Amino acid sequence: MTAPTTACCAPIAREPLAEAEAAELAVLLKAVADPVRLRLLSMIGSHAGGEACVCDLTDAFDLTAPTISHHLKVLRTAGLIDCERRGTWVYYWIVPAAVNRLGALFTPLAEPAHA
């Protein structure tokens, strides 16, 4: 009788992260470790068309425009979002590769960890 193959370990549990990779991932994790930034990322990602105008984001928070801009800058600096100015407004969208990298860190794989 063989044991069924089950999802074993997320990549973070399969082998130790290299120092450089851990430093890169820490930047991404720090960026989303704030409730406002996590909400902004979610709002941008779930917005119709895959991008959101800053004007669509600011009303959802009881924060000043400069504070929202700061949080967006942190997300942008981490590489989780990108933006483009169109006239007087700035439009933001998620950078899929960066967000997927975060998700993949904790997603179990179908193959067991190396013994």
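How many salt bridges does the structure hold? The structure, a predicted model, holds three.

**First stop: Arg 101 and Glu 24**

Select Arg 101 and Glu 24, whose side chains meet in a salt bridge with an N to O distance of 2.9 Å. This pair links distant parts of the chain: Arg 101 belongs to helix α6 (residues 96-106) and Glu 24 to helix α2 (residues 19-32), 77 residues apart. Arg 101 is partly exposed, at 31% relative accessibility. Glu 24 is also partly exposed, with a relative accessible area of 42%.

**Next stop: Glu 51 and Arg 86**

Move to Glu 51 and Arg 86, where the side chains form a salt bridge at 2.6 Å, N to O. Here too distant parts of the chain are linked: Glu 51 lies in strand β1 (residues 51-53) and Arg 86 in strand β2 (residues 81-86), 35 residues apart. Is Glu 51 buried or partly exposed? Its relative accessibility is 25%, so Glu 51 counts as partly exposed, the limit for buried being under 20%. Arg 86, at 33% relative accessible area, is partly exposed as well.

**Last stop: Glu 84**

Glu 84 is partly exposed, at 37% relative accessibility. Now display Glu 51, Glu 84 and Arg 86 together: salt bridges link them in a network.

Note on methods:
Residues numbered from 1 in each chain as written. Predicted model: local features only at pLDDT ≥ 70, side-chain atom pairs only at ≥ 80, totals over all residues. Heavy atoms only, no water. Salt bridge = Lys/Arg side-chain N within 4 Å of Asp/Glu carboxyl O. Helix = DSSP H or I, 4+ residues; strand = E, 2+ residues; numbered from the N terminus. Buried < 20%, exposed > 50% of the residue type's maximum accessible area, 1.4 Å probe, protein only.
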